[in-house]
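Today I am opening my notebook on one structure.

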Amino acid sequence: MFDVIIAGCGPTGAMLAAELRLHDVRVLVLEKETEPVSFVRIVGLHVRSLELMAMRGLLDRLLEHGRQRPAAGFFAAIAKPAPKGLDTAHAYLLGIPQPVIVRLLEERATELGAQVRHGCAVTGLEQDGEGVTVELGDGEQLRARYLVGCDGARSTVRTLLGVGFPGEPSRTETLMGEMKVGVPQEEIAAKVTEIHETTKSFSLGPFGEGVYRVVVPAAGVSDRAEPPTLEDFQQQLRAIAGTDFGVHSPRWLSRFGDATRLAERYRVGRVLLAGDAAHIHPPIGGQGLNLGVQDAFNLGWKLAAQIRGWAPETLLDSYQAERHPVAEDVLDNTRAQMELLSTEPGPRAVRRLLTELMDFDEVNRHLIEKIIAIGIRYDFGEGPALLGRRQRDIDVKQGRLYGLLHHGRGLLLDRTERLTVGGWSDRVDYVADPTAALDVPCVLLRPDGHVAWIGEDQRDLDDHLFRWFGAPAD
């Protein structure tokens with residue numbers, strides 16, 4: 001019997017498996033596909049995801065395979081520079097091929113001891129008070145204490161649970177791909193500038209090695225399971241630009257709609273949802289993969305605590321309480337961005353106004369922080385502004401703060417050198433450092449880097465250790 005079965009070995013599922021293995025949880029990941037995807041789509045890791053990777057010692061692996069660009073121009077593709085002095089040590093976007101990030105995260109999970117089985121599709125599930133029975137396509141049955149559906153927008157796990165997925169279906173569709181072109185860059189740039197006067201959901205720009213990224217509105221809404229053809233791109237380019245730019249030799253072709261949906265519940269008993277199984281939205285702003293990976297970081301240590309037996313009563317339920325509102329906010333900002341791409345006079349007027357407002361640093365910063373997810377504050381009750389927010393990476397006497405979080409444990413950073421984690425030392429590390437670059441005496445960090453307590457009183461600290469990490473060991 002496994003502790004946790006994860007359906008889906010995309011970035012969310014692989015990351016969750018790795019997080020659980022940090023706590024010696026027995027994990028099996030089931031991936032219905034037998035082979036990795038054949039196309040090479042480039043995805044972007046935003047600031048908060050980069051910070052989380054740094055917390056687990058994974059960032060250097062990813063940087064080897066990615067390309068950095070400034071953290072700017074994300075909101076509705078409005079071209080504004082990055083706000084000055086973003087509160088992070090990783091103020092950039094990392095573009096990386098999606099198959100590469102999936103491979104690296106799966107390798108991380110298996111290095112830590114997770115089992116991964118490809119070509120295994122979940123077709124049924126039944127749960128009781130002790131666990132979940134999972135049925136596979138070939139009739140095999142497996143047993144686990146918990147099941148997590150990380151199996152994408154068409155989640156079988158969510159469907160079997162009967163969890164509602166309300167929202168809006170796609171009203172528009174966009175073609176996206178990478179291919180070569182047959183005309184000079186100067187001609188392309190002039191035509192793109194002309195088209196952008198009326199059509200914001202169009203782009204054609206160099207992507208390295210003679211390849212161009214092409215984004216063009218589709219003729220209508222179709223079944224996303226059916227990939228577009230090069231002829232579809234040529235036809236739409238001619239319809240919108242008056243030329244197909246001689247596109248040829250595609251590396252990959254895909255389509256996406258603007259469907260926006262959010263699961264009514266993230267947990268039903270011993271079954272949970274994460275990533276695209278819990279929420280879908282248009283890819284504008286590049287938030288989807290990041291939202292799923294951040295779900296995994298929030299859920300991993302809490303589910304491990306439940307399995308290890310020290311979780312406070314409401315800890316696992318805090319996964320939905322914290323992440324559902326975050327997804328709601330992402331869905332709203334993508335809805336707003338899609339409206340700003342409309343060619344109708346009203347949305348175009350709003351876009352012009354917002355473009356002016358973003359010249360104010362405070363406005364630009366607020367919108368960018370939404371996209372890169374460093375503005376999130378979980379509701380931990382009343383307290384200082386830092387409470388519930390993520391702690392940025394800072395210098396400590398051992399090096400960097402995030403380097404102390406590689407093992408997925410809590411951390412008390414104590415500038416007073418007077419406190420202790422006592423009976424919680426099996427779950428929470430202690431670092432005394434009067435030189436740490438903090439504006440407060442001490443902080444208690446959860447394994448996901450969010451600030452759970454600020455202060456300098458031992459009794460108050462013990463109350464919060466109990467709140468987040470359960471009863472102390474004997």
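**Entry 1: two helices.** I looked up helix H2 (residues 47–55) and helix H8 (residues 288–308), and their axes lie 9 Å apart at an angle of about 40°. Helices (H or I, at least four residues) and strands (E, at least two) are DSSP runs, numbered from the N terminus. Axes are lines fitted to C-alpha atoms, for helices over the stretch in contact, and angles run from 0 to 180 degrees between N-to-C directions. H2 and H8 are therefore oblique to each other (under 35 degrees is roughly parallel, over 145 roughly antiparallel, 65 to 115 roughly perpendicular, and the rest oblique).

Which residues make the contact? I found Arg-48, Ser-49, Leu-52 and Met-53 on H2, with Asn-290, Val-293, Gln-294 and Phe-297 on H8; contact means heavy atoms within 4.5 Å.

**A note on the source.** This is a predicted model, where local features need pLDDT of at least 70 and side-chain atom pairs count only at pLDDT 80 or more, while totals for chains, interfaces and linings use all residues. Residues are numbered from 1 along each chain as its sequence is written, and side-chain values use heavy atoms, leaving out hydrogens and water.

**Entry 2: the sheet.** I then found an open sheet of 3 strands, ordered E3-E5-E4 with antiparallel pairing (two strands pair if DSSP finds at least two bridges between them). Strand E3 (42–45) and strand E4 (67–70) are at the edges with a single partner strand each, so one side of each has no neighbour in the sheet. The twist averages 30° from one strand to the next.

E3 is joined to strand E5 (residues 92–97) by 4 bridges. I also noted that Val-43 has Ile-96 in E5 as its bridge partner.
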